[in-house]
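Trainee: I am new to this structure and would like to know what stands behind the words used for it. Please take me through them one at a time.

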Amino acid sequence: MKPEQEQSQTNTAEQEKDMEQVEANASHDHMQESDSTPAAEEEILEQEANALNAELQQAKKESEENYQRLLRAQADFDNFRRRTQKEKEDLAKYASQKLIEEIVPVLDNFERAMATKPGTPEVESFAKGMDMIFRQLQQVLEQEGLQAMNTVGEAFNPEFHQAIMQVESDEHEEGIVVEEVQRGYMLKDRVLRPAMVKVSG
(Lines give C-alpha, C1' and ligand atoms only; values in the text may rest on other atoms or scores of the structure.)
Protein backbone atom coordinates (compact mmCIF):
# COMPACT_ATOMS: atom_id res chain seq x y z
CA MET A 1 0.00 0.00 0.00
CA LYS A 2 1.24 3.41 -0.84
CA PRO A 3 2.10 5.88 1.88
CA GLU A 4 -0.51 8.33 0.59
CA GLN A 5 -3.26 5.72 0.93
CA GLU A 6 -2.13 4.78 4.42
CA GLN A 7 -2.17 8.43 5.45
CA SER A 8 -5.64 8.90 3.96
CA GLN A 9 -7.01 5.88 5.79
CA THR A 10 -5.46 7.10 9.03
CA ASN A 11 -7.06 10.54 8.61
CA THR A 12 -10.41 8.96 7.81
CA ALA A 13 -10.24 6.76 10.90
CA GLU A 14 -9.37 9.73 13.06
CA GLN A 15 -12.23 11.74 11.59
CA GLU A 16 -14.66 8.91 12.23
CA LYS A 17 -13.36 8.61 15.77
CA ASP A 18 -13.79 12.36 16.29
CA MET A 19 -17.33 12.19 14.90
CA GLU A 20 -18.17 9.35 17.23
CA GLN A 21 -16.81 11.35 20.17
CA VAL A 22 -18.84 14.41 19.16
CA GLU A 23 -21.97 12.31 18.81
CA ALA A 24 -21.33 10.68 22.17
CA ASN A 25 -20.84 14.07 23.84
CA ALA A 26 -23.96 15.44 22.17
CA SER A 27 -25.95 12.40 23.26
CA HIS A 28 -24.66 12.78 26.82
CA ASP A 29 -25.50 16.50 26.89
CA HIS A 30 -28.94 15.78 25.50
CA MET A 31 -29.55 13.16 28.17
CA GLN A 32 -28.44 15.57 30.87
CA GLU A 33 -30.66 18.29 29.42
CA SER A 34 -33.58 15.86 29.20
CA ASP A 35 -33.03 14.83 32.81
CA SER A 36 -32.82 18.42 34.14
CA THR A 37 -35.64 20.04 32.13
CA PRO A 38 -38.66 18.45 33.95
CA ALA A 39 -37.25 19.37 37.38
CA ALA A 40 -36.62 22.96 36.31
CA GLU A 41 -40.06 23.27 34.77
CA GLU A 42 -41.65 21.80 37.90
CA GLU A 43 -39.82 24.32 40.08
CA ILE A 44 -40.94 27.19 37.84
CA LEU A 45 -44.53 25.96 37.89
CA GLU A 46 -44.42 25.65 41.68
CA GLN A 47 -43.10 29.21 42.02
CA GLU A 48 -45.82 30.51 39.72
CA ALA A 49 -48.47 28.56 41.67
CA ASN A 50 -47.19 29.99 44.95
CA ALA A 51 -47.24 33.50 43.52
CA LEU A 52 -50.79 33.05 42.23
CA ASN A 53 -51.90 31.62 45.57
CA ALA A 54 -50.38 34.59 47.40
CA GLU A 55 -52.20 36.98 45.06
CA LEU A 56 -55.44 35.05 45.62
CA GLN A 57 -55.08 35.23 49.40
CA GLN A 58 -54.36 38.96 49.21
CA ALA A 59 -57.40 39.47 46.98
CA LYS A 60 -59.56 37.50 49.43
CA LYS A 61 -58.27 39.60 52.33
CA GLU A 62 -58.98 42.86 50.50
CA SER A 63 -62.41 41.58 49.48
CA GLU A 64 -63.27 40.71 53.10
CA GLU A 65 -62.06 44.12 54.30
CA ASN A 66 -64.15 45.86 51.65
CA TYR A 67 -67.17 43.74 52.61
CA GLN A 68 -66.77 44.62 56.29
CA ARG A 69 -66.47 48.31 55.40
CA LEU A 70 -69.64 48.01 53.34
CA LEU A 71 -71.47 46.38 56.26
CA ARG A 72 -70.34 49.14 58.64
CA ALA A 73 -71.37 51.83 56.17
CA GLN A 74 -74.77 50.17 55.74
CA ALA A 75 -75.22 49.93 59.52
CA ASP A 76 -74.24 53.59 59.95
CA PHE A 77 -76.70 54.61 57.26
CA ASP A 78 -79.50 52.54 58.83
CA ASN A 79 -78.79 54.10 62.24
CA PHE A 80 -78.77 57.57 60.69
CA ARG A 81 -82.07 56.90 58.91
CA ARG A 82 -83.72 55.58 62.09
CA ARG A 83 -82.37 58.50 64.12
CA THR A 84 -83.62 61.12 61.67
CA GLN A 85 -86.97 59.36 61.41
CA LYS A 86 -87.32 59.36 65.21
CA GLU A 87 -86.32 63.02 65.35
CA LYS A 88 -89.01 63.84 62.79
CA GLU A 89 -91.59 61.84 64.74
CA ASP A 90 -90.58 63.48 68.03
CA LEU A 91 -90.72 66.90 66.42
CA ALA A 92 -94.29 66.27 65.30
CA LYS A 93 -95.22 64.52 68.55
CA TYR A 94 -93.91 67.26 70.83
CA ALA A 95 -94.46 70.26 68.57
CA SER A 96 -96.63 71.95 71.21
CA GLN A 97 -94.27 71.26 74.14
CA LYS A 98 -92.82 74.77 74.41
CA LEU A 99 -96.26 76.38 74.38
CA ILE A 100 -97.59 73.94 76.99
CA GLU A 101 -94.56 74.59 79.21
CA GLU A 102 -95.55 78.26 79.18
CA ILE A 103 -99.20 77.45 80.01
CA VAL A 104 -98.52 75.07 82.93
CA PRO A 105 -97.73 77.94 85.37
CA VAL A 106 -101.08 79.45 84.38
CA LEU A 107 -102.73 76.20 85.51
CA ASP A 108 -100.90 76.55 88.84
CA ASN A 109 -102.30 80.04 89.30
CA PHE A 110 -105.80 78.85 88.41
CA GLU A 111 -105.60 76.13 91.06
CA ARG A 112 -104.33 78.55 93.71
CA ALA A 113 -107.11 81.02 92.90
CA MET A 114 -109.80 78.34 93.06
CA ALA A 115 -108.44 77.03 96.35
CA THR A 116 -109.48 80.32 97.96
CA LYS A 117 -112.93 80.04 99.49
CA PRO A 118 -115.37 82.63 98.16
CA GLY A 119 -116.66 85.04 100.81
CA THR A 120 -119.72 86.38 99.01
CA PRO A 121 -122.24 85.07 96.45
CA GLU A 122 -120.69 87.34 93.83
CA VAL A 123 -117.25 85.89 94.44
CA GLU A 124 -118.70 82.38 94.43
CA SER A 125 -120.30 83.02 91.05
CA PHE A 126 -117.00 84.36 89.75
CA ALA A 127 -115.20 81.29 91.12
CA LYS A 128 -117.60 78.99 89.27
CA GLY A 129 -116.83 80.83 86.04
CA MET A 130 -113.12 80.48 86.72
CA ASP A 131 -113.59 76.77 87.35
CA MET A 132 -115.36 76.35 84.01
CA ILE A 133 -112.54 78.15 82.19
CA PHE A 134 -109.96 76.06 84.05
CA ARG A 135 -111.63 72.78 83.11
CA GLN A 136 -111.96 73.85 79.50
CA LEU A 137 -108.27 74.73 79.39
CA GLN A 138 -107.44 71.38 80.97
CA GLN A 139 -109.42 69.54 78.29
CA VAL A 140 -107.61 71.36 75.50
CA LEU A 141 -104.22 70.55 77.02
CA GLU A 142 -105.19 66.92 77.64
CA GLN A 143 -106.04 66.60 73.95
CA GLU A 144 -102.44 67.65 73.28
CA GLY A 145 -101.20 64.88 75.58
CA LEU A 146 -100.79 66.73 78.89
CA GLN A 147 -101.52 64.61 81.97
CA ALA A 148 -101.18 65.52 85.64
CA MET A 149 -99.18 63.07 87.76
CA ASN A 150 -100.67 61.17 90.68
CA THR A 151 -98.03 61.35 93.39
CA VAL A 152 -99.41 61.07 96.94
CA GLY A 153 -99.06 57.53 98.25
CA GLU A 154 -96.66 56.55 95.45
CA ALA A 155 -93.07 55.44 96.02
CA PHE A 156 -90.61 58.25 95.45
CA ASN A 157 -89.13 58.13 91.95
CA PRO A 158 -86.46 60.70 91.04
CA GLU A 159 -87.48 60.46 87.38
CA PHE A 160 -90.91 61.89 88.21
CA HIS A 161 -90.54 63.53 91.63
CA GLN A 162 -88.44 66.31 93.08
CA ALA A 163 -88.16 65.90 96.85
CA ILE A 164 -88.02 69.21 98.70
CA MET A 165 -88.43 67.82 102.21
CA GLN A 166 -88.28 64.58 104.16
CA VAL A 167 -90.87 64.23 106.93
CA GLU A 168 -91.66 61.71 109.64
CA SER A 169 -94.81 59.69 109.01
CA ASP A 170 -96.50 56.95 111.00
CA GLU A 171 -98.93 56.22 108.17
CA HIS A 172 -96.42 55.58 105.39
CA GLU A 173 -93.30 53.53 104.93
CA GLU A 174 -90.01 55.24 104.23
CA GLY A 175 -89.67 56.68 100.72
CA ILE A 176 -93.38 57.31 100.10
CA VAL A 177 -94.70 60.63 98.80
CA VAL A 178 -96.89 62.05 101.56
CA GLU A 179 -97.64 65.51 100.16
CA GLU A 180 -97.58 67.24 96.79
CA VAL A 181 -96.32 70.81 96.90
CA GLN A 182 -96.45 71.48 93.15
CA ARG A 183 -98.22 69.31 90.61
CA GLY A 184 -96.11 67.44 88.08
CA TYR A 185 -97.07 66.89 84.45
CA MET A 186 -96.38 64.37 81.70
CA LEU A 187 -96.55 65.30 78.04
CA LYS A 188 -97.45 62.00 76.38
CA ASP A 189 -94.59 59.70 77.46
CA ARG A 190 -92.20 62.49 78.48
CA VAL A 191 -91.83 64.22 81.83
CA LEU A 192 -92.76 67.83 81.20
CA ARG A 193 -92.28 68.92 84.81
CA PRO A 194 -91.46 66.74 87.83
CA ALA A 195 -93.72 67.04 90.84
CA MET A 196 -92.36 68.82 93.92
CA VAL A 197 -93.14 66.55 96.87
CA LYS A 198 -92.52 65.75 100.52
CA VAL A 199 -91.29 62.24 101.22
CA SER A 200 -91.60 60.09 104.34
CA GLY A 201 -88.31 59.44 106.07
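Mentor: Start with accessibility: buried means under 20% relative accessible area, exposed over 50%, and partly exposed in between, with a 1.4 Å probe and protein chains only. The model is predicted, so local features need pLDDT of at least 70 and side-chain atom pairs pLDDT 80 or more, while totals for chains, interfaces and linings use all residues. Residues are numbered from 1 along each chain as its sequence is written, and side-chain values use heavy atoms, with hydrogens and water left out.

Trainee: Why is L137 called partly exposed?

Mentor: The relative accessible area of L137 is 23%.

Trainee: Where is L137, and what is L137 in contact with?

Mentor: L137 sits in helix 3, residues 121–143. Helices (H or I, at least four residues) and strands (E, at least two) are DSSP runs, numbered from the N terminus. Contact means heavy atoms within 4.5 Å. With neighbours within four places in sequence set aside, L137 touches I103, L107 and F110. The C-alpha atoms of L137 and V106 are 9.9 Å apart, and the two residues are 31 residues apart in sequence.

Trainee: What makes F110 buried or exposed?

Mentor: F110 has a relative accessible area of 14%. Buried means under 20%, so F110 is buried. F110 lies in helix 2, and beyond its neighbours within four places in sequence it is in contact with M130, I133, F134 and L137.

Trainee: How many helices and strands does the chain have, and in what order?

Mentor: The chain has 3 helices and 6 strands. From the N terminus on, the order is α-α-α-β-β-β-β-β-β. Of the 201 residues, 16% count as buried.

Trainee: How do you know that K86 and D90 form a salt bridge?

Mentor: A salt bridge is a side-chain nitrogen of Lys or Arg within 4 Å of a carboxyl oxygen of Asp or Glu. For the side chains of K86 and D90 the N to O distance is 2.8 Å, so the pair qualifies under the 4 Å limit. K86 and D90 are 4 residues apart in helix 1, which means that about one helical turn separates them. D90, at a relative accessible area of 23%, is partly exposed. The structure holds 7 salt bridges.

Trainee: What makes K93 and D189 a pair that ties parts of the chain together?

Mentor: The side chains of K93 and D189 meet in a salt bridge at 3.2 Å, N to O. K93 lies in helix 1 and D189 in the loop between strand 4 (185–187) and strand 5 (190–193), so the pair ties together parts that are 96 residues apart in sequence. K93 is partly exposed at 32%, whereas D189 is exposed at 54%.

Trainee: Which residue forms a salt bridge with E111?

Mentor: The partner of E111 is R183, with the closest N and O atoms 3.1 Å apart. The pair links distant parts of the chain, 72 residues apart: E111 is in helix 2 (residues 97–115) and R183 in the loop between strand 3 and strand 4. Both values fall in the partly exposed class, E111 at 23% and R183 at 28%.

Trainee: What makes a surface patch, and which residues form the negative one?

Mentor: Patches are made of residues with over 30% relative accessible area and no salt bridge; like charges are joined within 9 Å, and nonpolar side chains (Val, Leu, Ile, Met, Phe, Trp, Tyr) within 5 Å. Lys and Arg count as positive and Asp and Glu as negative, while His and the chain ends are not counted. The place of a charge is NZ of Lys, CZ of Arg, CG of Asp or CD of Glu. The negative patch is formed by E168, D170, E171 and E174. D170 is in the loop between strand 2 (161–167) and strand 3 (177–182), and is exposed at 86%.

Trainee: Which residues make the nonpolar patch?

Mentor: Y67, L70 and L71 make a nonpolar patch of about 300 Å². Accessible areas come from the Shrake-Rupley method with a 1.4 Å probe, and for residues only the protein chains shown count as cover. Y67 is in helix 1 (residues 3–93) and counts as partly exposed at 43%.
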